[in-house]
Amino acid sequence: MRPGADARRLKGWLVRELRELRAIPQEQLASAVGCSRSAVSMWETRDQRPSPSHLLKLALALGVDPSDLLEGPRGERTLRELRKARGLTQNDLARIVGVTAATYCNVETGRQSLPNRWVPILKSALNASEQTIRRSARFRRDL
């Protein structure tokens with residue numbers, strides 16, 4: 001990576017979830033961004049990152065801020081990463097918390113805020129501190 005470049009990685013899983021939530025086929029997103037369908041596929045599934053100009057167009061097409069598509073500072077883990085580290089699915093945690101998988105998914109992806117009553121349950125299920133749980137579940141008002 002060139003000096004001074006932003007080393008943060010693209011959240012490919014979030015690109016895919018937002019695209020699917022908005023019912024946008026990969027071909028249509030590729031056209032909006034000005035790239036190939038295979039480039040969109042690689043952003044979603046591999047450790048590939050779009051150029052800065054493609055990142056801006058991608059964020060615009062998905063209706064989010066470009067920084068939302070990038071991982072946070074090293075050490076800051078998302079709720080999804082905590083869940084996967086414990087080998088749990090969204091359905092598993094939805095069942096543990098006592099909600100639908102869609103409701104849990106909305107919290108995990110930041111479309112809905114983290115309910116306070118979930119914190120002790122997630123703390124136990126994910127073997128993490130309250131502070132870690134709260135930091136990992138960032139509500140995105142612009143989604």
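Me: Leaving aside its neighbours within four places in sequence, with which residues is Leu62 in contact?
Reply: The model is a predicted one. Neighbours of Leu62 within four places in sequence are set aside here. The residues in contact with Leu62 are then Val15, Leu18, Arg19, Arg22, Ile24, Leu29 and Leu69.

Me: Which residues have the most contacts inside the largest nonpolar core?
Reply: The largest nonpolar core has 20 residues. Helix H1 (12–21), helix H2 (26–33), helix H3 (37–45) and H4 each supply at least two residues of this core. Those with the most contacts inside the core are Leu10, Leu29, Cys35, Trp43, Leu58, Leu62 and Leu69.

Me: Which residues of H1 are buried?
Reply: H1 is mostly covered, with seven of its ten residues buried. What covers these buried residues includes H2, H3, H4, helix H5 (79–85), H6 and H7. The buried residues of H1 are Gly12, Trp13, Leu14, Val15, Glu17, Leu18 and Arg19.

Me: Is Ala23 buried or exposed?
Reply: Ala23 is placed in the loop between H1 and H2. Just after H1, Ala23 takes a positive phi of about 55°, and Ala23 is a residue other than glycine. Its relative accessible area is 63%. Because exposed means over 50%, Ala23 with its 63% is exposed.

Me: What is the phi of Asn127?
Reply: Asn127 is found in the loop between H8 and helix H9 (130–136). With a relative accessible area of 61%, Asn127 is exposed. Its phi is positive in a residue other than glycine, with a value near 55°.

Me: Is Leu56 buried or exposed?
Reply: Leu56 is found in helix H4 (residues 52–62). Its C-alpha atom and that of Pro66, ten residues apart along the chain, are separated by 5.9 Å. The relative accessibility of Leu56 is 53%. A residue over 50% is exposed, so Leu56 counts as exposed.

Me: How are H6 and H7 placed relative to each other?
Reply: Two packed helices are described by the angle between their axes and the distance between the axes. Helix H6 (residues 90–97) and H7 pack with their axes 8 Å apart, at an angle of about 105°. Angles of 65 to 115 degrees count as roughly perpendicular. H6 and H7 are therefore roughly perpendicular to each other.

Me: Which residues of H6 and H7 make the contact, and how many of them fall in each class?
Reply: From H6, the contact is made by Gln90, Asn91, Leu93 and Ala94. From H7, the contact is made by Ala101, Tyr104, Cys105 and Glu108. By class, the contact of H6 with H7 has five nonpolar, two polar and one charged residues.

Me: How many aromatic pairs are there by the rule that ring centres lie within 6.5 Å?
Reply: A pair of aromatic rings is described by the distance of the centres and the angle of the planes. Ring centres of a pair lie within 6.5 Å. By this rule the count of aromatic pairs comes to one.

Me: Why does the pair of Tyr104 and Trp118 count as stacked?
Reply: The pair links distant parts of the chain, with Tyr104 in helix H7 (residues 101–108) and Trp118 in helix H8 (residues 118–126), 14 residues apart. Tyr104 and Trp118 are buried. Planes under 30 degrees apart count as stacked. The ring centres of Tyr104 and Trp118 lie 6.0 Å apart and their planes are at 15°, so the pair is stacked.

Me: What distance separates the C-alpha atoms of Lys84 and Leu126?
Reply: Lys84 is found in helix H5. At 49% relative accessibility, Lys84 counts as partly exposed. Lys84 and Leu126 are 42 residues apart along the chain, and their C-alpha atoms are separated by 9.3 Å.

Me: What percentage of the residues of the protein count as buried?
Reply: The secondary structure of the protein comes to nine helices and zero strands. The protein has 143 residues, and the share that counts as buried is 38%.

How values were computed: Residues are numbered from 1 along each chain as its sequence is written. This is a predicted model: local features need pLDDT of at least 70, side-chain atom pairs count only at pLDDT 80 or more; totals for chains, interfaces and linings use all residues. Side-chain values use heavy atoms; hydrogens and water are left out. Helices (H or I, at least four residues) and strands (E, at least two) are DSSP runs, numbered from the N terminus. Buried means under 20% relative accessible area, exposed over 50%, partly exposed in between (1.4 Å probe, protein chains only). Rings of Phe, Tyr and Trp (its six-membered ring) pair if their centres lie within 6.5 Å; planes under 30 degrees apart count as stacked, over 60 as edge-to-face and the rest as tilted. A nonpolar core is a set of buried Ala, Val, Leu, Ile, Met, Phe, Trp, Tyr and Cys residues joined through side-chain atoms within 4.5 Å. Contact means heavy atoms within 4.5 Å. Axes are lines fitted to C-alpha atoms, for helices over the stretch in contact, and angles run from 0 to 180 degrees between N-to-C directions. Angles under 35 degrees count as roughly parallel, over 145 as roughly antiparallel, 65 to 115 as roughly perpendicular and the rest as oblique. Ala, Val, Leu, Ile, Met, Phe, Trp, Tyr, Cys and Pro count as nonpolar, Asp, Glu, Lys and Arg as charged, and the others, Gly among them, as polar.
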